[in-house]
Amino acid sequence: MKNKVLWLVTAISAVISAVSYKYLPDSVPMHYDFNGTVDGYYPKATIFLFPAMMILMIIVYGVISKKQNKTEDKDSDDKNAVERRNNKKILDTSMTILTFVILFLQVALLYTVFKAAANNSADTMPDESYSFIAAIMGVTFILIGNMMPKAKKNSSFGIRTSWSMANDKTWSMSNRFGGYVLLISGVIMTVCALIFDGLVVMYIYGTVMLIAIVLSIAYSYSVYKKYGKE
């Protein structure tokens, strides 16, 4: 079922790319500096990178899932088997979220290009585009933050510092705290995206993310100092 959803989103992205290609200018702004001014133009065929990225992700995801399925004992109550099944569910959900994020960013880019062209301001990003992107990231943070406390110790998802990986307790506490911090950060970002627009949204986004990272790492270290040798 997960693969069907991923391929459906990829197909939607491919259709959007094909339909919009005809109407795009020969060079598409793909990168903006911190002031919202375009500092990187690419050929309009670059729009097909979005579905291409999704296809590559699905292939990698399929390889990883296949390996996990070979070692997974679906009926085992062994602690490691339960943790692997739990992390597999989180991987599935993360892949779905990431695929939708790429789709929404593709839509945001196209909106930015067409809106800028309509306003004869192709060298700057429209103010509402900042809010749209910030809202996408805010919702993403909320979803990921909700999953983090449920993740068992692994090498690919969560707060993975040398301190959090010391043992199950430091992992659990670090990721529970980090998940709450990311969830709150996502709520703040989503609300700010609805209230503000323009560069101020990105300043808020950068500040909130920096605080979230510092708090999560600092808490991970404090937990390690207390429980790291247990």
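Which residues does I47 touch, not counting residues up to four places away in sequence? The list is S17, S20, L24, Q106, L109 and L110, where touching, or contact, means heavy atoms within 4.5 Å.

A quick word on the model. It is predicted, so local features need pLDDT of at least 70 and side-chain atom pairs count only at pLDDT 80 or more, while totals for chains, interfaces and linings use all residues. Residues are numbered from 1 along each chain as its sequence is written, and side-chain values use heavy atoms, with hydrogens and water left out.

**The overall picture**

The protein has six helices and two strands. Both kinds of element are DSSP runs numbered from the N terminus: helices are H or I with at least four residues, strands are E with at least two. Walk along the sequence and you get the pattern α-β-β-α-α-α-α-α. Of the 230 residues, 40% count as buried. Buried means under 20% relative accessible area, exposed means over 50%, and partly exposed lies in between (1.4 Å probe, protein chains only). Among contacts between residues at least 6 apart in sequence, 69% join residues at least 24 apart.

In the largest nonpolar core, which has 16 residues, I47 and L24 touch the most other members. Helices α1 (2-21), α2 (49-71) and α3 (79-118) each supply at least two residues of this core, and α3 gives the largest share, six residues. There is also a second, separate core of 14 residues, including I136, M147, M148 and I159. A nonpolar core here is a set of buried Ala, Val, Leu, Ile, Met, Phe, Trp, Tyr and Cys residues joined through side-chain atoms within 4.5 Å.

The expected span is 1.5 Å times one less than the number of residues. Helix α4 has 21 residues and reaches 31 Å from its first C-alpha to its last, close to the 30 Å expected.

The buried residues of α6 are V201, V208, M209, A212, S216, S220, V223 and Y227. An α-helix has 3.6 residues a turn, so residues three or four places apart point the same way. What covers the buried residues of α6 includes α4 (127-147) and α5 (168-195). On α4, the buried residues include S129, Y130, I136, F141 and M147.

S216 is in helix α6 (residues 199-227) and is buried, with a relative accessible area of 8%. Leaving aside neighbours within four places in sequence, S216 is in contact with I159, F177, G178 and V181. N167 is in the loop between α4 and α5 and is buried too, at a relative accessible area of 11%. The C-alpha atoms of N167 and Y224 are separated by 8.9 Å, although these residues are 57 apart along the chain.

Their side chains make these polar contacts (pairs of N or O atoms within 3.5 Å; within protein, one must be able to donate a hydrogen and the other to accept it, and residues adjacent in sequence count only if both atoms are side-chain atoms):

| Side chain | Backbone atom reached | Distance |
|---|---|---|
| S216 | oxygen of A212 | 2.8 Å |
| N167 | nitrogen of K169 | 3.0 Å |
| N167 | oxygen of Y227 | 2.9 Å |
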